[in-house]
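This report describes the secondary structure and the aromatic contacts of one protein model. The sequence and structure come before the details.

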Amino acid sequence: MAGLIVVIAVLVIVVISLIAYNLSIYKKVKGLSNTSEKIANLRVLQDFMDTIGKNTSTEDKIKIINDILIEKYNIKYSTIVVFNGAEYILRATNIDERLHETMTNLHTDPLFQDSIQNAVPKYVTVNNSNEKLSYQRNDMTRAKSAMFFPLYIDNIYIGYWIIESDVAHAFDSMDTGIFEVIRENIISVLKTISYQNTIENIYRVDKFTGLNSAEYMYGKGKTTIDKYGKSTICMFIINNIDEINEKYGRKIGNQMIIKVANAVKTNISTEYVFVRYMGPKFAIAFSGTEIEETIEFVSRIKKNIEQTTIVIEDKKSKNKYEINPSTNFVLGTYYKGTGIEEVTKKLEEYLDNCSRDESEINCI
């Protein structure tokens, strides 16, 4: 009997030891799993940051980020919709175009309104293949489960992210914490590139010349310029525009500005960015070109401009007068990764501070 008790005691000790060992192994495996997940999430976050730094438009950046989510997290369908204050815009998705309208109007569906109001995710699914999700319209039966995430920046609602699967209950066992991290990353990216989006869209088109304003060079135009490591920025001014306005009237002055703009537009490559900088000042970014390579071309532009004429007839004397513009040019170097606005500021200061009688091509 005593021997049996000893054997039982030994077995109990062995079982307890095995349980303790298994718990230890489980904790280590779980720790490794958590570490692996953290590393994977850090890699995705790094991909996000790399995307933010890409020399491309905000529209392309959001699409790239959505593609990263689909690939890295094995998501069947992913859609990002942003509210710009006036309307909902589908910024990125991998679903068929004919379904875009429905996906852009999910905020109107009662199914998701409580999610938006309370800033909490919403998980919906079906129980059998004959069912479809309530927000689906017509033949939208591709998705059998979905997770809806409202997006907020500083407590301000800015849209939503929705992921879908063609399998029922696909997200039942998924760690929602991972998706919360992804959502926060999406919000961070949207917040960061919103500043770029503002710069890209703040420019206007000048009604006289049809040229973009200076802001274009700092936003969308920069995408073209930054294809190269170094470019030449040229700025010039119509020196005698005030004299023309005073002597012949502002209408003639406007005609002169239009003629000068046209004289340049017809002679430059589409790779170059030409804008009406301000008033009688214009700026040209010669993308990927050194100053030395630009001088001869700029000389021809200056000559073409100053050969531009406006003929005015004196109604009383019937005499005709020819008016020609006088210009002053200055060039500087822009290096990719630095501020174009710093270069244009120096060029503008030079033109503002030199004599109106100066008519040269200067390099600073």
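Which residues of α9 are buried? They are Ile 252, Gly 253, Asn 254, Met 256, Ile 257, Val 260, Ala 261, Ala 263 and Val 264, where buried means under 20% relative accessible area, exposed over 50% and partly exposed in between (1.4 Å probe, protein chains only).

## Basis

This is a predicted model, in which local features need pLDDT of at least 70 and side-chain atom pairs count only at pLDDT 80 or more, while totals for chains, interfaces and linings use all residues. Residues are numbered from 1 along each chain as its sequence is written, and side-chain values use heavy atoms, with hydrogens and water left out.

Helices (H or I, at least four residues) and strands (E, at least two) are DSSP runs, numbered from the N terminus.

## Helix α9

Helix α9 covers residues 250–265 and has 16 residues. The expected span of a helix is 1.5 Å times one less than its number of residues. For α9 this gives 22 Å, and the end C-alpha atoms are 22 Å apart, which agrees.

## The five-stranded sheet

Five strands form an open sheet in the order β2-β1-β5-β4-β3, with antiparallel pairing; two strands pair if DSSP finds at least two bridges between them. β2 (88–93) and β3 (122–125) are the edge strands, each pairing on one side only. From one strand to the next the twist averages 20 degrees; axes are lines fitted to C-alpha atoms, for helices over the stretch in contact, and angles run from 0 to 180 degrees between N-to-C directions.

Six bridges join β1 (residues 77–83) to β5 (residues 156–165) in the antiparallel sense. Val 81 has Tyr 160 of β5 as its bridge partner. Helix α2 (residues 58–72) lies across β1, β2 and β5, at about 50 degrees to β2; contact means heavy atoms within 4.5 Å.

## Aromatic pairs

The structure holds 19 aromatic pairs. Rings of Phe, Tyr and Trp (its six-membered ring) pair if their centres lie within 6.5 Å; planes under 30 degrees apart count as stacked, over 60 as edge-to-face and the rest as tilted. Tyr 203 and Tyr 216 are edge-to-face, 5.0 Å centre to centre with 80 degrees between the planes.

Phe 236 and Phe 329 are stacked, at 4.6 Å and 15 degrees. Phe 236 lies in β7 (residues 230–238) and Phe 329 in β12 (residues 327–335), so the pair ties together parts 93 residues apart in sequence. Both Phe 236 and Phe 329 are buried.
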